[in-house]
There are 2 protein chains.
Amino acid sequence: MNETASLTAMFKALGDPTRLLIFDFLRSCCCPVAVYDNGDVRQIIGPTVGEVCCHVTGADQINSTISHHLKELRLAGLITVERRGKNMVCRVNREAMTTLVSYLAKDGMEVDGIQCCQ
Amino acid sequence: MNETASLTAMFKALGDPTRLLIFDFLRSCCCPVAVYDNGDVRQIIGPTVGEVCCHVTGADQINSTISHHLKELRLAGLITVERRGKNMVCRVNREAMTTLVSYLAKDGMEVDGIQCCQ
DNA sequence: GTATCATTTCTATACTTCACGAAATATAGG
DNA sequence: CCTATATTTCGTGAAGTATAGAAATGATAC
C-alpha cells in the first residue's frame, strides 16, 4: 500500500462517528499508570473488545458492529488488537498517529522568506 | 455541528483518494510568492476549479465529479471556494487543519510523570 | 471431552457514495 | 440581450458501508 492509499485509509477509518468514538476511547483509557493502582496487568495494554462495546453502545453485550469497526481501524493501521487469554485487547498505534500528524502539519514551501500555504 | 461531528466530517472528506489529491494540490500551489513572478493576482488566492480539474484528472475539461468533491471538502470546512470574476478559486482552510492536528496530536493524560497512551 | 465465555464471520437489509453525462445557473464581454 | 465561459446541480446506476441477528470459531475451566 503506497503512502496516499495508507493516509486515505486512515482518514476514512476515522471518518465515521462510531469509529472516532472508539478511537477516542482507546486513546483515553490505555493508561499504563493503572497498573500501580489496582495491579491489573491488562490495564497496561488497553481495554478488551467487550469493554469497548460496553463503552460505545452502553449495553453490556458483545456487538458485531463494534467488531466490524475495530477491524476497519485495525486494517487502516490505527489500532492493534491482540489476544490475551479469553480476551482481545485493543491499543492505538502511535506510529500511525504520528504519520497523520506529520502529513497534516507539514508546511508548504518557503520562498524568499515568505511562508507558502498560509 | 458539535466537535465530534466536525472532526468526523473532516476525516471523512479526506478519506477519499480523489479528495486527498485535491487537498494536497491546494496545499502545494496556493503560494503567495507567485504574484511577484507574473503579476497574476489570482495566484495569491489559489487555483480555480478548472485548474484543479486539470491537475487531478489530467484532462483539460471541467468535471462535475471534481465539483462534487470540492463541495464535500468545503462543507467539511477544509477548504473555501470564492468567486473571482468568471472563476471560482479554491483555498485550504488553515484553521481546520489546525483543528485536526490539535486533535490528533493531543497527548493522553500524564500521571506521576508517566505519559499515558504510549 | 464438555461447557462456557469472548469474539468473529456470515448473511441480509437499508442506506450512502462515486462517477458520469445532461441540463441548469452565473458571470463577463460584445 | 445574446453568446461564450466557468461551474454547479440533477438523475441514474454501480459500488460500497453500517447495522443487526444468527451461526461459527477460538480459548479457558472443569
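Helices (H or I, at least four residues) and strands (E, at least two) are DSSP runs, numbered from the N terminus. The model is predicted: local features need pLDDT of at least 70, side-chain atom pairs count only at pLDDT 80 or more, and totals for chains, interfaces and linings use all residues. Residues are numbered from 1 along each chain as its sequence is written, chains are lettered from A and ligands numbered from 1 in the order in which they are written, and side-chain values use heavy atoms, with hydrogens and water left out.

**View 1. Elements of the protein facing DNA strand D.** A residue is near a molecule or strand if one of its heavy atoms lies within 4 Å of it. Chain A contributes helix 2 (17-29) and helix 6, and chain B contributes helix 5 (49-57), helix 6 and strand 2 (87-92); each of these supplies at least two residues of the surface near DNA strand D. The largest share, 5 residues, comes from helix 6 of chain A. DNA strand D is surrounded by 22 residues, of which A:Lys12, A:Arg19, A:His69, B:Ser64 and B:Ser67 are the closest. The residues of this surface comprise 3 nonpolar, 11 polar and 8 charged. In this grouping Ala, Val, Leu, Ile, Met, Phe, Trp, Tyr, Cys and Pro count as nonpolar, Asp, Glu, Lys and Arg as charged, and the others, Gly among them, as polar.

**View 2. Contacts to the phosphates of DNA strand D.** Sugar or phosphate accounts for 74% of the atoms of DNA strand D within 4 Å of the protein, and bases make up the rest. A polar contact is a pair of N or O atoms within 3.5 Å; within protein, one must be able to donate a hydrogen and the other to accept it, and residues adjacent in sequence count only if both atoms are side-chain atoms. From chain B, a polar backbone atom of B:Gly50 is 3.0 Å from a phosphate oxygen of DNA strand D.

**View 3. The surface near DNA strand C.** Around DNA strand C there are 22 residues, and A:Gly50, A:Ser67, B:Lys12, B:Ser64 and B:His69 come nearest. Of the atoms of DNA strand C that come within 4 Å of the protein, 70% belong to sugar and phosphate. At least two residues each are supplied by helix 5 (49-57), helix 6 (64-75) and strand 2 (87-92) of chain A and by helix 2 (17-29) and helix 6 (64-75) of chain B. Helix 6 of chain B gives the most, with 5 residues. By class, the residues near DNA strand C divide into 3 nonpolar, 11 polar and 8 charged.

**View 4. Contacts to the phosphates of DNA strand C.** A backbone N or O atom of A:Gly50 lies 2.9 Å from a phosphate oxygen of DNA strand C. A:Ser67 places a polar side-chain atom 2.8 Å from a phosphate oxygen of DNA strand C. In chain B, a polar side-chain atom of B:Asp16 lies 3.4 Å from a phosphate oxygen of DNA strand C.

**View 5. Aromatic rings of chains A and B.** Rings of Phe, Tyr and Trp (its six-membered ring) pair if their centres lie within 6.5 Å; planes under 30 degrees apart count as stacked, over 60 as edge-to-face and the rest as tilted. The count is 3 aromatic pairs over all chains. One of them is the stacked pair of A:Phe11 and B:Phe11, at 6.1 Å centre to centre and with 25 degrees between the planes. A:Phe11 lies in helix 1 (residues 3-14) of chain A and B:Phe11 in helix 1 (residues 3-14) of chain B, so the pair joins two chains. Both A:Phe11 and B:Phe11 are buried, where buried means under 20% relative accessible area, exposed over 50% and partly exposed in between (1.4 Å probe, protein chains only). Ring pairs link A:Phe11, A:Tyr103, B:Phe11 and B:Tyr103 into a cluster.

**View 6. Arginines over the tyrosine rings.** A charge sits over a ring if NZ of Lys or CZ of Arg is within 6 Å of the ring centre and within 35 degrees of the ring normal. A:Arg27 lies over the face of B:Tyr103, at 4.5 Å from the ring centre. B:Arg27 lies over the face of A:Tyr103, at 4.5 Å from the ring centre.

View 7. A disulfide is a pair of cysteine sulfur atoms within 2.5 Å, and the whole structure holds 0 of them over all chains. The closest cysteine sulfur to that of A:Cys54 is in A:Cys53, 8.6 Å away and too far for a bond. For B:Cys54 the closest cysteine sulfur is in B:Cys53, 8.6 Å away and too far for a bond. A:Cys54 is partly exposed, with a relative accessible area of 34%, and B:Cys54 counts as partly exposed at 33%.
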